[in-house]
Every structure is written in structure tokens, then in C-alpha cells.
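I'd like to walk through some side-chain contacts with you, so let me put the structure up.

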Amino acid sequence: LLRVGGQLLVYCWSYEQDDERSRSRHRFVAQDVLVPWSFRTPGLKKAAAAEASGALRTEEGVSGTPETWEEQPPVCQRYCHVYREGELDELLREVPELVVLDSYFDTGNWCAIAQRR
């Protein structure tokens, strides 16, 4: 929900991920893709960093032993639509209650700022 005069900021992955535009290493073969996703327990660092010290590192400090953390969390596939230049603007302009104030490219993302009329 957005009140009258309220603004929203939208970031969407860009299909255009070439070296000139983006530092991202993502390269998409299509606009509708499945992207690998690994669940990460909040506050825990990767096992490799903890393994070097023989303990589990948390944001609060070091705790646990190598037996208490998961080497490789399960990898799931998540659906993602990546946007081509102008596509996000086009979609936002179809919403009669919104006016697009600005749109731009930022590190592998198409971005837009819109305001409710």
C-alpha cells in the first residue's frame, strides 16, 4: 500500500549483464530462469572460515565445533524473471495510480522510482 504522494523504489535483476554495464557475474540464457539458492542460517559465516579456526564463527564471536555446522547447505532452485531495458518502466506505467519519476541501471539491476498520484 502506498499513500497519495508516497514513493516506491523497485530493483529488478537486469537481463543485460555485460562487462561494460555490470560487475555482476550472472549471465542469463533467458528472461525466465531458475536460479540456485542456498539457505544460510542468519548470523553464521561459511564453514570454510570457521574450519580454519576449528570453531563456528557467529556475529557474536566463536562458538561450536565443526560437527555443529553444515558443510554444504541444500541448494534449491528459485524462479526469477530478469528484466530487459525499458520493461520495468513499461509495467509501472500500466498502473494508473503511479507516475514513474526516474529509472536507471545500477550494478546489474534495472531500478525505478515511482510516486502514487
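Arg93 and Asp89 sit together in helix H2, 4 residues apart, or about one turn of the helix. Helices here are DSSP runs of H or I with at least four residues, strands are runs of E with at least two, and both are numbered from the N terminus. These two residues make a salt bridge, with their closest N and O atoms 3.8 Å apart. For that we ask for a side-chain nitrogen of Lys or Arg within 4 Å of a carboxyl oxygen of Asp or Glu. By that rule the count is 1 salt bridge. In general, side chains of opposite charge can pair when their charged atoms come close.

Quick housekeeping: this is a predicted model, so local features need pLDDT of at least 70 and side-chain atom pairs count only at pLDDT 80 or more, while totals for chains, interfaces and linings use all residues. Residues are numbered from 1 along each chain as its sequence is written, and side-chain values use heavy atoms, with hydrogens and water left out.

So, is Asp89 buried or exposed? Asp89 counts as buried, at 15% relative accessibility, whereas Arg93 is exposed at 55%. The cut-offs are under 20% relative accessible area for buried, over 50% for exposed, and partly exposed in between, with a 1.4 Å probe and protein chains only.

On to the rings. Searching the whole structure turns up 4 aromatic pairs. One of them is Tyr11 with Tyr104, edge-to-face, 6.5 Å centre to centre with 85 degrees between the planes. Rings of Phe, Tyr and Trp (its six-membered ring) pair with centres within 6.5 Å; planes under 30 degrees apart are stacked, over 60 edge-to-face, the rest tilted. This pair joins strand E1 (residues 7-13) to strand E6 (residues 98-106), 93 residues apart.
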